[in-house]
Amino acid sequence: MGGGTEIGWEPHQIALLGGGPRAAVTVAVVALHLLGAVETGPRGTLCAAGPEPEGLEPFEGTVLDCLHEPLTVRELVRHPDVRLALALTRIPLAEDGLLGRPWLRPNRGARRRVAFWRERHPLPVVRHGLTDDDTLLAVALHGDAALRLLLPRFAERAWLVERVEVEDRDTRRHSPRGGPNGASRPFSCGGGGGAD
């Protein structure tokens, strides 16, 4: 969405430090969702929707370009263009001494910094009144907990979090969503539901 955060890094960079590549891609997908640029499709897929928003960060732009065909987040993380974008995202983090060699994974200093940011920016108690930037920062720092609180319907439709079922197995088996594992989805790109 642009502009970075008061922390000094973009939300997807913070997510990369705190949760790895999938977390970074998830934050980019959430940013695109908040801009109305992606829709959910069947079986947890996402696809581009509408005109491309102006002012996208390069990482978000790469993710959106890949979504001109329906993909799941898992497939996005493995997409060659996204893998290159993740590698480029690591460069400034490595230059700041936050990634250890040789695998460029977050080091102890990065983990301490993320823990400090999480303490300074705790998970919101309600979603009402948050800006999109607040939402992205919460997802970047708190991952699944923030997704379940702030964007529960989108997170479930896009398979960003594991489904938490409260019904018993017999109820799920007869649910309109399909089988007990929820594999068949009623959503399709082009009409995949509104914002949370």
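Contact here means heavy atoms within 4.5 Å of each other. With that in hand, here's a quick tour of this predicted model. The protein has 10 helices and 4 strands, and 42% of its 196 residues are buried.

**Overall layout**
- Reading along the sequence, you get the pattern α-α-β-β-α-α-α-β-β-α-α-α-α-α.
- Take the contacts with a separation of 6 or more: 59% of them join residues 24 or more positions apart.
- The accessible surface of the protein is about 10600 Å², and carbon and sulfur atoms hold 50% of that.

- In soluble globular proteins, nonpolar side chains tend to be buried together.
- The largest nonpolar core in this protein has 51 residues, and V63, L76 and F154 are the ones that touch the most other members.
- Helix α2 (residues 21-34) is the top contributor to this core, giving 8 residues.
- Leaving out residues up to four places away in sequence, F154 touches V29, V30, H33, V38, T40, L46, L160 and D196.

**Where α1 meets α6**
- Two packed helices are described by the angle between their axes and the distance between the axes.
- For helix α1 (residues 11-19) and helix α6 (residues 108-120), the axes come within 9 Å and cross at roughly 115°.
- The crossing of α1 past α6 is left-handed.
- On the α1 side, look for I14, L17 and G18; they meet A110, V114, W117 and R118 in α6.
- Sorted by class, this contact of α1 with α6 has 5 nonpolar, 1 polar and 1 charged residues.

**Helix α7 and what follows**
- Helix α7 (residues 132-142) has a buried run: T135, L136, L137, A138, V139, A140 and L141.
- Those buried residues of α7 pack against α1, α2, α6 and α8 (144-150).
- Just after α7 comes G143, with a positive phi of about 55°.

**A closer look at T89**
- You'll find T89 in helix α5 (residues 80-95).
- T89 has a relative accessible area of 6%, so it counts as buried, the cut-off being under 20%.
- Not counting residues up to four places away in sequence, T89 touches H12, Q13, L16 and F59.
- Of these partners, H12, Q13 and L16 fall within α1 (residues 11-19).

Definitions and conventions
Residues are numbered from 1 along each chain as its sequence is written. This is a predicted model: local features need pLDDT of at least 70, side-chain atom pairs count only at pLDDT 80 or more; totals for chains, interfaces and linings use all residues. Side-chain values use heavy atoms; hydrogens and water are left out. A nonpolar core is a set of buried Ala, Val, Leu, Ile, Met, Phe, Trp, Tyr and Cys residues joined through side-chain atoms within 4.5 Å. Buried means under 20% relative accessible area, exposed over 50%, partly exposed in between (1.4 Å probe, protein chains only). Helices (H or I, at least four residues) and strands (E, at least two) are DSSP runs, numbered from the N terminus. Axes are lines fitted to C-alpha atoms, for helices over the stretch in contact, and angles run from 0 to 180 degrees between N-to-C directions. A crossing is left-handed if the near helix is turned anticlockwise from the far one by less than a right angle, and right-handed if clockwise. Ala, Val, Leu, Ile, Met, Phe, Trp, Tyr, Cys and Pro count as nonpolar, Asp, Glu, Lys and Arg as charged, and the others, Gly among them, as polar. Accessible areas come from the Shrake-Rupley method with a 1.4 Å probe; for residues, only the protein chains shown count as cover.
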